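Dear colleague,

Please read the notes beside the model.

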Amino acid sequence: RRCTLDSAGLPGGRRPRRSDTAARGGPAVAALGLAWLTRGCQVRGHGRGCRPVGTVLSWRQVRERRDCSRTGAAARGAGEGDDSSGDSEAPGLDEDGGPLRTLGTMPVAFRGVAPGSDQERSILCYGDSLTVGFCARGRRFEPYGRALAEALAGAGLACRVDVCGHCGHTAARMEANLEEQAVVDITGLQSQGLKRILDGAATSPELVLLMAGTEDLRSGVQPQAICESISRLHEICHSRGIPTLALTPLPAPRAVGHSVARREQLVRLLAWWAQEAASQSGGAAATFVDTAELVPLGVADGEDGLWDWDGVHLAPSGSRLLGRELADVVARLMRHQGVEATGTPTTAVSSAAPVNPAVAVPEAAQDEAADEGQAPTAGLEFWRARPAEEPEALLGDIEDDFARSLLSRGLPMRSLALLFLPQDQVPCAGQEVEVRLESAGSGALSIAAIEYAVEQDGGLLACLPEMEDGVGIPWGGTAAELQALLRLGNGGVLVKLRAVSGVRLVARHPARKVRGFTVALLQEVPEWGDSERRVTEASLGEELAEVEQLFAECGELQRRSGLMAAGDFASRPLGERVDSVLAVLEGVRLPTVPANRALSSDIRRAVAVSHALVAALSADTRVRFLCEPRSLMPRLQRAKEFLAKVQSLLRARIAFRRAFEEGDEGT
């Protein structure tokens, strides 16, 4: 007889033996009380021929789950005949303090009693399935708010922690349900919208912990849209004078590729939003917390027991760890509120120590300074206003660069701190990027270089690619203005850069060391120089038309072939990319030879086209362009030649595939 049985109770994943079965094909798993352990693992076959398919539990995990099963069975037996799951305080609580069987109608409250404390503080934990501690396929719940209340009580803060989460709901759906009285999620749990909870509470919460975005990331929603929905949830609290904790979605152990990248982008966006909200707010604001630094990533259903089998949600022990780790952050904020008469929370952007202030670096102010007749205070124009420098000696390679028009005698030379970045993070002119730097290893030198740039050069740095097995320093890179710098609790920083110009090193040696990092002599690469003297606007227009046509054809060929190794020409049209570059470079005076030459709008657009083309290339190819910076026309010509090669290769690949498929049909 064909059988389908749970293999969880079989030690080491061995095949069932006749002694395991009461009858041929029948497992003895039920005798162990493990029928509830079915995890998508099946054994299929006939009698002795059964074979295990999928993951098999270790004996340690079997014993732990068997004990949990027995406890749950005892609790269910004790609760038979009583279906009242609507209690507001921890309904369905197992006697041994294990995961909850149900949460009833939310919000539900958990209280931590602190000896000697005569005042009970109020906190709301609001969010998605991670907030309610969804685990075991929705048969158990372990809200992190439960452990949070206990940990705060241990720290001497008596708190009532209310928990409300919507399993399977995106941040946009939470926003749409703000005023709903009855919201039912995918598990059947009933709750309320955020605005309804805040307005209907007998005692308004002093702090709201918001975690949303997990379902959005799984559904492929763009990080910018997720951040906008989450920020509006926070603003509902801030408009009522309630500070918030912006908790990032946890990284999923089984997330790969684009999912990981989208979460990292969302984390950066939330950090910038929290910092901006804090700087603009005169009252309640958000404190950013990256939950990835509180709970180790681990392995789904691994030995550490922190993650549930699905690789998305936390196991009960993981939720409890999150609650305990958050208690340190919450305790600091609550104590701060108790000391300050205004009740204004700490507005630091940090993951573990939110008391460190964020540092904002002013943007380039050349327009405002020019109107007032003052020297620029930061950025590219501040650096340009510095006196020109000369190399200690005109080395041979410098004279060669002058001879080959790689350096121009019409532009001054000045020194800048060098910031070395991974190749895929080096920005092209007209791009804005966010980079996270750790406090250990080479990251410490990068942070020192940034601090030097703020002190000496108005926050302007030269961004160069890290070259593995390279000798010396790359020949070129991009000059980037430091827009903002956020200091994180672990000693690292999060920086936002705006790339405004291409730069070329005057000489790779000598370059002086300052506090361990490198400061080198550079020259801006002119956008309009000697190579463009004989170019008319008509010939420039023809060149741009050819390039735009090639880009569009390469994008169509990529969509047909699915081959993206050369770059990304398919996801966004070139015109949209050019508009983004023009927006970033708005107000930036482009370098020219002779200096300060006025450029028409058509030439500025041509410059934006060339930079947008380079930005669309693969990281390896893009770095070659950045390390050998050229003015407008040589850069356009080189990009056009590369696109022509890509077009030819993609056409050949598609033709080969078509011929192969036709040959298959013929045979």
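**The sheet around E11**

In the pairing of strands E5 and E11, the bridge partner of Leu124 is Val208, which lies in E11. This is a predicted model, in which local features need pLDDT of at least 70 and side-chain atom pairs count only at pLDDT 80 or more, whereas totals for chains, interfaces and linings use all residues. Residues are numbered from 1 along each chain as its sequence is written, and side-chain values use heavy atoms, with hydrogens and water left out.

Strand E5 (residues 121–127) pairs with E11 in the parallel sense over 5 bridges, where strands count as paired if DSSP finds at least two bridges between them. Strands (E, at least two residues) and helices (H or I, at least four) are DSSP runs, numbered from the N terminus. E11 also pairs in the parallel sense with strand E12 (residues 244–247), over 4 bridges, and here Met211 has Leu247 of E12 as its bridge partner.

Strand E11 (residues 207–211) is largely enclosed by the rest of the structure, because 5 of its 5 residues are buried, that is, under 20% relative accessible area with a 1.4 Å probe and protein chains only, exposed being over 50% and partly exposed in between. Both of its faces are covered, with Leu207, Leu209 and Met211 buried on one side and Val208 and Leu210 buried on the other. In a regular strand the side chains alternate between the two faces of the sheet.

The open sheet is formed by 6 strands in the order E4-E8-E5-E11-E12-E13, with mixed pairing. Its edge strands, each pairing on one side only, are E4 (108–112) and E13 (286–289). On average, and with direction ignored, neighbouring strands of this sheet are turned by 20° against each other; axes are lines fitted to C-alpha atoms, for helices over the stretch in contact, and angles run from 0 to 180 degrees between N-to-C directions. E4 and strand E8 (residues 159–165) run antiparallel and are joined by 5 bridges, and the bridge partner of Gly112 in E8 is Cys159. Helix H3 (residues 144–154) packs on the sheet and touches E4, E5, E8, E11 and E12, its direction making about 25° with that of E4, where contact means heavy atoms within 4.5 Å. Helix H7 (residues 223–238) lies across E11, E12 and E13 and runs at about 170° to E12.

**The H14–H16 pair**

Helices H14 (residues 537–561) and H16 (residues 601–616) pack at an angle of about 30°, their axes being 11 Å apart. That makes H14 roughly parallel to H16, a term for angles under 35 degrees. Among the residues that meet are Leu540, Leu544 and Phe551 in H14 and Ile603, Val609 and Leu613 in H16.

**Two buried residues**

Ser446, in helix H13 (residues 442–456), is buried, with a relative accessible area of 10%. Leaving aside residues up to four places away in sequence, Ser446 touches Leu419, Phe420 and Leu437.

Asn177 is placed in the loop between helix H4 (171–176) and strand E9 (183–184), and at 17% relative accessibility Asn177 also counts as buried. With residues up to four places away in sequence again not counted, Asn177 touches His169, Val183, Gly193 and Leu194. Between Asn177 and Arg196, which are 19 residues apart in sequence, the C-alpha to C-alpha distance is 9.2 Å.

With best regards

Conventions: Angles under 35 degrees count as roughly parallel, over 145 as roughly antiparallel, 65 to 115 as roughly perpendicular and the rest as oblique.
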